[in-house]
Amino acid sequence: MSATPYTVGHHELADGIHAWLQPDGGWGWSNAGLVVGDGVSLLVDTLFDERLTATMLDGLAPVTDTAPIATLVNTHANGDHCFGNRLVSGAEVISSTATASELADIPPSLLHAFVTADLGDELLERYVRGAFGAFDFAGIEVAPPDRTFDGHLRLEVGGTEVELWELGPAHTRGDVVVHVPSAATAFVGDLAFIGGTPLVWAGPLSNWCRAIDRIVGLGVRTVVPGHGPVCGTAELLEVRDYLDFVEREATERFHGGMEAAEAARDIDLGPWAGWGESERIQANVEVVYRHLDPGREPADVVTLFSRMAHHADR
Ligand SMILES: [Zn+2]
């Protein structure tokens, strides 16, 4: 099988298996997927705003005209995977129960305010606008899930078997993987950032590692990540290596009495320093500290972005 080129737009990966890719996979530039059965299809995720989602739906129309989208699965609650939900009219929206409960945490209006607000720190404002300024969050209302599940859900899409596996909490509280056994393919949402640095919102990191083991254990050959190029399981295992490394290094510094922000600066990322958004080490170390000390006051999103912005500016 030849590698799928990492170019923007529609790619047919195999019979009935499609991806919509958005290089370069940095902040907000997410991928989506489409599983096409007999006369009907299932969409995996929408994009960060309605303009991008409309472009994707137009681009997929040659396929979906004869196989309309009857089901939309949101892999998790981050906006770059669900803010376009409203445009997929008539589809049943499915997510894990944990994802449904997490949707209200960062609504489009809050992100809109975050991008446009006076944050009192020019460096932070430049970073936030660099990350999210290309997207239009104004006026978006997210269509919530119509149906939720815990653990596992088996679906049939026009004769094609599709398995949903809830493997979070990891990247978020309710991460779900969409597995198509007949094509040995998994759409894994943000359990995989390829070429960019994984970002841990929920954790624990060890559970994300276990999630990757579960995906590899499914026997898949093709993996569509939430961000980055289509890959195989070798790339997933690199993500696992990074998470395992960060957990060990951060834990050592926690027990040595080092503050989280300093620990993140102190860790030598070695081969992973070249991945995009390496400053996410700040958020990732904070999550390790939170799990080691459950009484710790959680760092808010502005604090985390401030640490990442200043880390990137070193
Ligand atoms: Zn994402």
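Strands β9 and β10 pair in the antiparallel sense over 4 bridges. Within this pairing, L164 stands opposite V178 in β10. The model is predicted. Strands of a sheet pair through backbone hydrogen bonds, either parallel or antiparallel. β9 and β10 belong to an open sheet of 5 strands, in the order β8-β9-β10-β11-β12. Pairing in this sheet is mixed. Its edges are formed by β8 (152-157) and β12, each of which pairs on one side only. On average, neighbouring strands of the sheet are turned by 25 degrees against each other, direction ignored.

Two helices pack on this sheet. Helix α5 touches β9, β10 and β11. The direction of α5 makes about 165 degrees with that of β11. Helix α6 touches β11 and β12. The direction of α6 makes about 25 degrees with that of β11.

Another open sheet has 7 strands, in the order β1-β2-β3-β4-β5-β6-β7. Its pairing is mixed. The edge strands here are β1 (9-14) and β7 (147-149), and each pairs on one side only. Neighbouring strands of this sheet are turned by 20 degrees against each other on average, direction ignored. Inside the sheet, β3 (residues 32-36) and β4 pair in the antiparallel sense over 4 bridges. The bridge partner of G33 in β4 is V44.

D80 and H227 link distant parts of the chain, 147 residues apart. D80 lies in the loop between β5 (69-73) and β6 (92-96), whereas H227 lies in strand β12 (residues 222-227). Both D80 and H227 are buried. The ideal angle for four tetrahedral donors is 109.5 degrees.

The nonpolar interior was examined next. In soluble globular proteins, nonpolar side chains tend to be buried together. The largest nonpolar core of this model has 78 residues. F132 and V285 have the most contacts inside this core. Helix α6 (residues 233-255) gives the most to the core, with 7 residues. Leaving aside residues up to four places away in sequence, F132 touches W27, F48, L111, F114, V115, F137 and F305. A second, separate core has 22 residues, among them A19, F149, V180 and V224.

Helix α8 (residues 281-292) contains E286. E286 is buried, with a relative accessible area of 3%. Beyond residues up to four places away in sequence, E286 touches A260, R296, E297, A299, L304 and R307. E286 and A312 are 26 residues apart along the chain. Their C-alpha atoms are separated by 16 Å.

Several backbone features stand out. Most residues other than glycine have a negative phi, and most peptide bonds are trans. A cis peptide bond joins G168 and P169, with omega of about 0 degrees. P169 is found in the loop between β9 (160-166) and β10 (176-180). Another cis peptide bond joins G203 and P204, also with omega of about 0 degrees. P204 lies in the loop between β11 (185-193) and α5 (205-217).

Positive phi values occur in D45 and in A184, neither of them a glycine. For D45, phi is near 75 degrees. D45 sits in the loop between β4 (41-44) and α1 (50-64). D45 counts as buried because its relative accessible area is 2%, under the cut-off of 20%. For A184, phi is near 50 degrees. A184 is placed in the loop between β10 and β11. With 7% relative accessibility, A184 is also buried.

Note on methods. Residues are numbered from 1 along each chain as its sequence is written. This is a predicted model: local features need pLDDT of at least 70, side-chain atom pairs count only at pLDDT 80 or more; totals for chains, interfaces and linings use all residues. Side-chain values use heavy atoms; hydrogens and water are left out. Buried means under 20% relative accessible area, exposed over 50%, partly exposed in between (1.4 Å probe, protein chains only). A nonpolar core is a set of buried Ala, Val, Leu, Ile, Met, Phe, Trp, Tyr and Cys residues joined through side-chain atoms within 4.5 Å. Contact means heavy atoms within 4.5 Å. Two strands pair if DSSP finds at least two bridges between them. Axes are lines fitted to C-alpha atoms, for helices over the stretch in contact, and angles run from 0 to 180 degrees between N-to-C directions.
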